[in-house]
Amino acid sequence: MNDGPVPEPDQLTESLPADAREARTRSAEDRLAGTVRIEGARILATLIRTVGDLQLAEDAVQEATISALRDWPVSGVPDNPRAWLTVAARRKAIDIIRREGLRAGKEREGTELMDLNSPEPSESVVHDDQLRLIFTCCHSALAPEARVALALRTLCGLSTEEVAAALLTGEAAMAKRLTRARQKIVQASIPYRVPSPAELPARLAAVCAVVHSLYTSGHTRLSGERLLDIDICAEAIRLARLLLHLLPDAPEPAGLLALLLLTEARRPARLDNGGEVVLLADQDRGLWDASAIAEGLALLAQSLERTAGIADAYQLQAAMAAQHAIAPTAADTDWAEIVRLYDLLLSVQPANRAAALGRAVAVAEASGPPAGLAALDALPDRDHRWHAIRAELLARLSRFDEAIGAMNRSLDTTLPAPERDHRLRRISQWSDPTCR
């Protein structure tokens, strides 16, 4: 038996070879980054529910993350990283309350957190915390555009840049919008509490917009090495399911979930084995998720029954996705019907730039590339997607030099690596005289 002093954890770590210490630190940092990326929003939602204060909860989670960055490389990654961070954040919240000398009432609330041995909320309770706190962020006292932005930034874990991209605005303008929303919450004393059942329907439209924007941000990433983020997409679908369970008689959640499932069904075929982008027309439809398609089609039918066939934006988009899902081959796709659905969608959402671009593509498929180019050239907004679509249509007309110029202009932005590589390959193909 060793009767000597027990070494401190940092002494144990220091005794390891340098390369082993580096590997252990790198492993701990990677695990922490993954936990924060996937679980961070749920941890924050749980803490907000507990302390009732957004800024306090955010500060506590940040300090807990810093502690993990310091402790995990030394003591090892805990068996349940999310539980570790949640308990650590509770402790940090108490420390912040005491350190900053907040009012006595808040002090009493903070001391109630001292029972750190109480069991963590069950998974369903944590999920419910997050969804209902999204409802809180969608409070009617906030401007409509601020509700969605605040929920995406605070409770869905998107960066300000990602929120701006999802909502089609500039990053600086989005930062100001978020700041004003937070100030409004403080000035109006908006409580971070679970809304009553009577309050939920009035906030439903904004909550659906949050979930849809969250999925969109994962479906096509703004930058990085991956085209899509499976975890973000799965989180959005999870929230959509909870929303449907919460409000089963409302048509919007069913239409939204139908849209997400019908879109997600195509994910396995979007990239080939080498990680290269596969265009919709070239995808192996045998890889599409048949069960997700069946569920999505059933949900869409149920949703349309509840609105007597008068479709909202989610139902219209789901109906477009359904046209792809039911076509045995790309050639069998009913593009004329998709154009009709886009026309309806733009009548509901005339400022929807993504829908306007999608309609131009559908017009090209239904009536030929010249008609698609005409529809595209009529649009006032000309971002990288506009240039990329124009390049493809020009190439189909054998106007390869123009196509190369348009595709080069589409590269003048930040893109996920697979999408950038795909566009560069198209330029290379069009530059090869033997392929013309």
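**Helix pairs, cores and a few residues**

Colleague: Let's start with helix H15 (residues 335-348) and helix H16 (residues 353-367): at what angle do they pack?
Modeller: Keep in mind that this is a predicted model. Two packed helices are described by the angle between their axes and the distance between the axes. For H15 and H16 the axes lie 9 Å apart, and the packing angle is about 155 degrees.

Colleague: Are H15 and H16 roughly parallel or roughly antiparallel?
Modeller: Angles over 145 degrees count as roughly antiparallel. H15 and H16 pack at about 155 degrees, and their crossing is left-handed. The pair is therefore roughly antiparallel.

Colleague: How many nonpolar residues are there in the contact of H15 with H16?
Modeller: On the H15 side, the residues that meet H16 include Trp335, Ile338, Val339 and Leu346, while H16 brings Ala355, Arg359 and Val363, among others. By class, one residue in this contact is polar and three are charged, and the nonpolar ones number 12.

Colleague: Moving along, at what angle do the axes of H18 and H19 cross?
Modeller: H18 covers residues 384-396 and H19 covers residues 400-410. These two are roughly antiparallel to each other, with a left-handed crossing. Their axes come within 8 Å, and they cross at roughly 165 degrees.

Colleague: Is Ser410 buried or exposed?
Modeller: Ser410 belongs to helix H19. Setting aside residues up to four places away in sequence, Ser410 touches His384, His387 and Ala388, as well as Leu415 and Arg423. With a relative accessible area of 0%, Ser410 is buried.

Colleague: What is the phi of Ser398, in the loop between H18 and H19?
Modeller: Most residues other than glycine have a negative phi. Ser398 sits in the loop between H18 and H19. Its phi is positive although it isn't glycine, with a value near 65 degrees.

Colleague: What about Arg147: buried or exposed?
Modeller: Arg147 is in helix H7 (residues 144-154). Beyond its neighbours within four places in sequence, Arg147 contacts Cys137, Cys138, His139, Ser140, Leu142 and Ala206. The cut-off for buried is under 20% relative accessible area. At 16%, Arg147 therefore counts as buried.

Colleague: How far apart in space are Leu69 and Asp30, C-alpha to C-alpha?
Modeller: Leu69 is in helix H3 (residues 54-75) and, at 45% relative accessibility, counts as partly exposed. Not counting residues up to four places away in sequence, Leu69 touches Glu29 and Leu32. Leu69 and Asp30 are 39 residues apart in sequence, and their C-alpha separation is 10.0 Å.

Colleague: How many residues are in the largest nonpolar core?
Modeller: In soluble globular proteins, nonpolar side chains tend to be buried together. Here there is a core of 23 residues, including Leu44 and Leu85, that lies apart from the largest one. In the largest core, Ile134, Leu152, Val210, Leu214, Leu243, Leu260 and Trp430 touch the most other members, and its residue count is 98.

Colleague: Stepping back, what share of the protein's residues count as buried?
Modeller: The secondary structure comes to 20 helices and zero strands. Among contacts with a separation of 6 or more, 63% join residues 24 or more positions apart. Of the protein's 436 residues, the buried share is 47%.

Definitions and conventions:
Residues numbered from 1 in each chain as written. Predicted model: local features only at pLDDT ≥ 70, side-chain atom pairs only at ≥ 80, totals over all residues. Heavy atoms only, no water. Axes fitted to C-alpha atoms, helices over the stretch in contact; angles between N-to-C directions. Helix = DSSP H or I, 4+ residues; strand = E, 2+ residues; numbered from the N terminus. Parallel < 35°, antiparallel > 145°, perpendicular 65-115°, else oblique. Left-handed = near helix turned anticlockwise from the far one by under 90°. Buried < 20%, exposed > 50% of the residue type's maximum accessible area, 1.4 Å probe, protein only. Contact = heavy atoms within 4.5 Å. Core = buried A, V, L, I, M, F, W, Y, C linked by side-chain atoms within 4.5 Å. Nonpolar A, V, L, I, M, F, W, Y, C, P; charged D, E, K, R; others polar.
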